[in-house]
Amino acid sequence: MSASLHIFENGTALAEGLADAVSAKLAAAIEARGAASIAVSGGTTPKAFFQALSRREIDWTKVTVTLVDERLVPPENERSNHGLVAANLLQNKAAAARFLPLYHAAATAEDAAATASRSMAAIGTPFDVVILGMGTDGHTASFFPGGTRLKEAIDPATPRGVITMEADGAGETRLTFTFSSLEDAGLLVLHIEGDGKKEVLARAEAPGDEAEMPIRAMLRRATSPLQIYWAP
Ligand SMILES: O=C1O[C@H](COP(=O)(O)O)[C@@H](O)[C@H](O)[C@H]1O
């Protein structure tokens, strides 16, 4: 499915425009089914978007928020995506939303992933909204080049759920939804900012191996049209 590019003059305009699109999709899902779901990314990019979305007037009591991926750290750790979402999205109107974490204190990373997969089964699929980010190495979610379970993570035959991932440059062990969990979202967004990320995207759009730039799996094979939101 081909991608669409939405260009904004700056990060503030992008945050507001993306919050408009996402809140409209969540409101439509609530209207249709009485519930809505969104999986968001961490990293440095989404903070302003989270803050804008947190102020949108939808029925947040009917919205479940989770993460596309997470580090195997508790929420009080400064590198926790849960912590980022708690501080910036689960605020204002969105404080009423239900949050389902990927991290669980467990004996092993595999146990944490299995617990996350089980709790996600309650959300229902596909997600109404998925917001992806992208690293300068071409990773998305925790689909890292050289990742221990990259092949499995981006294989469309791997079932929906959360798996572990380790990779050089990823820091902590990661927990990540698989490709099949994310690629058919009602609204599938890639949120990137800056000229550097635009150049990375251009490289990803060129022919090459998905294992070298795993964002290519989403660009090439997602069944939902990928909506790329970019600002300088
Ligand atoms: O490791 C991660 O990085 C990506 C991108 O982060 P950014 O700091 O370049 O915005 C993010 O999408 C992912 O969720 C996160 O775990």
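Predicted model: local features only at pLDDT ≥ 70, side-chain atom pairs only at ≥ 80, totals over all residues.

Let me begin with Ala 113, which belongs to helix 4. Is Ala 113 buried or exposed? Ala 113 is buried, because 24 other C-beta atoms lie within 10 Å, and the cut-off for that class is 20 or more. If we set aside the neighbours within four places in sequence, the contacts of Ala 113 are Val 162, Ile 163, Thr 164 and Leu 175. There is also a relation across the sequence to mention, in that Ala 113 and Leu 72 are separated by 41 residues along the chain while their C-alpha atoms are 9.6 Å apart in space.

Helix 4, residues 109-120, lies across strand 7 and strand 8, and its direction runs at about 155° to strand 7. These two strands are part of an open sheet of 3 strands, in the order 4-8-7, with antiparallel pairing. The edges are taken by strand 4 (69-71) and strand 7 (162-165), each of which has a single partner strand, so one side of each is left without a neighbour in the sheet. On average, neighbouring strands of this sheet are turned by 20° against each other, if direction is ignored. Strand 4 is joined to strand 8, residues 174-177, by 3 bridges, and the two run antiparallel; within that pairing, Glu 70 has Leu 175 of strand 8 as its bridge partner. Leu 175, you will recall, is also among the contacts of Ala 113.

In what order do the 7 strands of the open sheet stand? The order is 1-10-9-6-2-3-5, and the pairing is parallel. Strand 1 (4-7) and strand 5 (98-99) stand at the edges with a single partner strand each, so that one side of each has no neighbour in the sheet.

Strand 2 is joined to strand 3 by 5 bridges, and the two run parallel, with Val 40 standing opposite Leu 67 in strand 3. Strand 3 is itself mostly covered, since 4 of its 5 residues are buried.

Turning to the ligand, which residues surround the ligand? They are Ser 41, Gly 42, Gly 43, Thr 44, Thr 45, Val 68, Asp 69, Asn 81, Gly 133, Met 134, Gly 135 and Ser 142. By class, this shell divides into 2 nonpolar, 9 polar and 1 charged.

A few points of backbone geometry remain. Most residues other than glycine have a negative phi, and most peptide bonds are trans. Against that background, the peptide bond from Thr 125 to Pro 126 is cis, with omega near -5°, and Pro 126 lies in the loop between helix 4 and strand 6. Asn 92, although not a glycine, has a positive phi of about 50°; it sits in the loop between helix 3 (81-88) and strand 5, and counts as partly exposed because it has 16 C-beta neighbours inside 10 Å. Ala 141 likewise has a positive phi, of about 45°, and is found in the loop between strand 6 and helix 5 (150-154), but Ala 141 counts as buried, with 30 C-beta neighbours inside 10 Å.

Finally, the annotation: an unreviewed UniProt entry lists residues 11-220 as "domain: Glucosamine/galactosamine-6-phosphate isomerase". In the model, the end C-alpha atoms of that span lie 26 Å apart, and residues 11-220 are 37% helix and 16% strand.

Methods:
Residues numbered from 1 in each chain as written. Pairing = 2+ DSSP bridges. UniProt positions renumbered as here; feature names shortened; annotations may be inferred. Axes fitted to C-alpha atoms, helices over the stretch in contact; angles between N-to-C directions. Contact = placed C-beta atoms within 7 Å. Near = placed C-beta within 6 Å. Nonpolar A, V, L, I, M, F, W, Y, C, P; charged D, E, K, R; others polar. Buried ≥ 20, exposed ≤ 12 C-beta atoms within 10 Å, placed from the backbone.
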